[in-house]
Amino acid sequence: MKVLFVGEIVAGAGRKTVKEVLPGLIKEHTPDLVLSNVENLSGGRGITPEKVNEMLDAGINYCTGGDHIFWERGTEDFIDSLPIVRPANYPGEVAGKGFAVIDLGSKGQILLINLMGRTSVNSTTSYLEDPFRKLDEILVLHKDIKLAATIVDFHCDYTSEKVAFGHYVDGRVTAVIGTHTHVPTADPMILPNGTFYVTDVGMTGIIDGVLGVKKENIINLFMTARNQRFEWETSGRRAFRSVLFDTEKKEITRIDKEIK
Ligand SMILES: [Fe+2]
Ligand SMILES: [Fe+2]
């Protein structure tokens, strides 16, 4: 089985990049499943049904989320109608679902899980449930189902928490794909017990800003120590970031493209 995971699609430039690049990659690599994190899809934060559907039309089959997934007003009301998982370790009665079983017909059933790490400067992450124990709980829930693969989007800030999570689940899930930092890491690998792993797949969108935001905003933030109103960058070079893993060939590779 081949799975392509597209890095966080950031705003209009990210969506444009997916529409330009993804159909060709699908033709070239014929993945059985195409996934992407969409927490930054709409204007840099959050989702709308129209914009998620735009990405499904471009070739993405199922989506994951993160800390920004509920940014757009009314997301609670429509999230269940879309093929999307949001972090499973939100506390209490948060809308949406944290995992899903995707039926690929003759290729079997795929368990897709979204979890958020707790190491972050964003104070709300301290209210999340433990993602390590939550993963155990989700695997127990599915222990009697024959799964062709289990894929986790681990949305997290610190590389140490991501690497630790990878080793914690090594051999028990098919793949751990790290997201959130928007910066791609050069470490796609197969962990000792067989789990495909990458610390961060990176973002799809404009790379001449800071993680998708106009560089002036973020330079000011650091130089004045004052919060800034974020403006999402609309010009400059764009990148498409992704990883492809193949369970038969036992390979995981980055597929990155830059567009001037
Ligand atoms: Fe993001
Ligand atoms: Fe995030």
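Leaving aside its neighbours within four places in sequence, His-68 is in contact with Glu-39, Asn-40, Arg-45 and Gly-46, where contact means that the C-beta atoms of two residues, placed from the backbone, lie within 7 Å. His-68 lies in the loop between β4 (62-64) and α3 (75-78). Helices (H or I, at least four residues) and strands (E, at least two) are DSSP runs, numbered from the N terminus. The UniProt annotation "active site", from an unreviewed entry, covers His-68; UniProt positions are given in the numbering used here, feature names are shortened, and such annotations may be inferred rather than shown by experiment. Is His-68 buried or exposed? His-68 counts as buried because 20 other C-beta atoms lie within 10 Å. The rule calls a residue buried if 20 or more other C-beta atoms lie within 10 Å of its own, exposed if 12 or fewer, and partly exposed in between, with C-beta atoms placed from the backbone.

The model is predicted: local features need pLDDT of at least 70, side-chain atom pairs count only at pLDDT 80 or more, and totals for chains, interfaces and linings use all residues. Residues are numbered from 1 along each chain as its sequence is written, while chains are lettered from A and ligands numbered from 1 in the order in which they are written.

Stepping back to the whole chain, there are 6 helices and 14 strands. Its C-alpha trace spans about 55 × 40 × 35 Å along the principal axes. Buried residues make up 45% of the 260 residues. Among contacts with a separation of 6 or more, 64% join residues 24 or more positions apart.

An open sheet of 6 strands comes next, with the order β6-β7-β8-β9-β11-β10 and mixed pairing. Two strands pair if DSSP finds at least two bridges between them. At the edges stand β6 (99-103) and β10 (189-190), each with a single partner strand, so one side of each is left without a neighbour in the sheet. Helix α4 (residues 131-141) packs on this sheet and touches β6, β7 and β8 (149-155), its direction making about 160° with that of β7. Such angles run from 0 to 180 degrees between N-to-C directions, and axes are lines fitted to C-alpha atoms, for helices over the stretch in contact. Helix α5 (residues 159-169) lies across β8, β9 (175-179) and β11 (196-198), at about 165° to β9. Strands β6 and β7 (residues 109-116) run antiparallel, joined by 5 bridges, and Asp-103 stands opposite Gln-109 in β7.

Which residues touch the most other members of the largest nonpolar core? In this core of 63 residues, they are Ile-113, Val-152, Ala-175 and Val-176. A nonpolar core is a set of buried Ala, Val, Leu, Ile, Met, Phe, Trp, Tyr and Cys residues joined through C-beta atoms within 7 Å. Leaving aside neighbours within four places in sequence, the contacts of Ile-113 include Val-85, Phe-99, Leu-135 and Val-152.

Strand β13 (residues 238-246) is mostly covered, with 7 of its 9 residues buried. It runs antiparallel to β1 (residues 2-6), and 5 bridges join the two; here Val-6 has Ser-242 as its bridge partner. Strand β12 (residues 203-206) also pairs with β13 in the antiparallel sense, over 2 bridges, and Gly-205 stands opposite Ala-239. With β14 (residues 251-259), β13 pairs in the antiparallel sense over 9 bridges, Phe-240 having Lys-257 as its bridge partner. The hairpin of β13 and β14 has 4 residues between the strands, and Lys-250 takes a positive phi near 55° there.

Gly-236 is found in the loop between α6 (215-224) and β13. Gly-236 counts as partly exposed because it has 14 C-beta neighbours inside 10 Å. Its C-alpha atom is separated by 9.6 Å from that of Ala-13, 223 residues apart along the chain.

Two further loop residues deserve a look. His-180, in the loop between β9 and β10, has a positive phi of about 110° although it is not a glycine. Leu-211, in the loop between β12 and α6, has a positive phi near 60°. His-180 is buried, with 27 C-beta neighbours inside 10 Å, and Leu-211 is buried with 21 other C-beta atoms within 10 Å.
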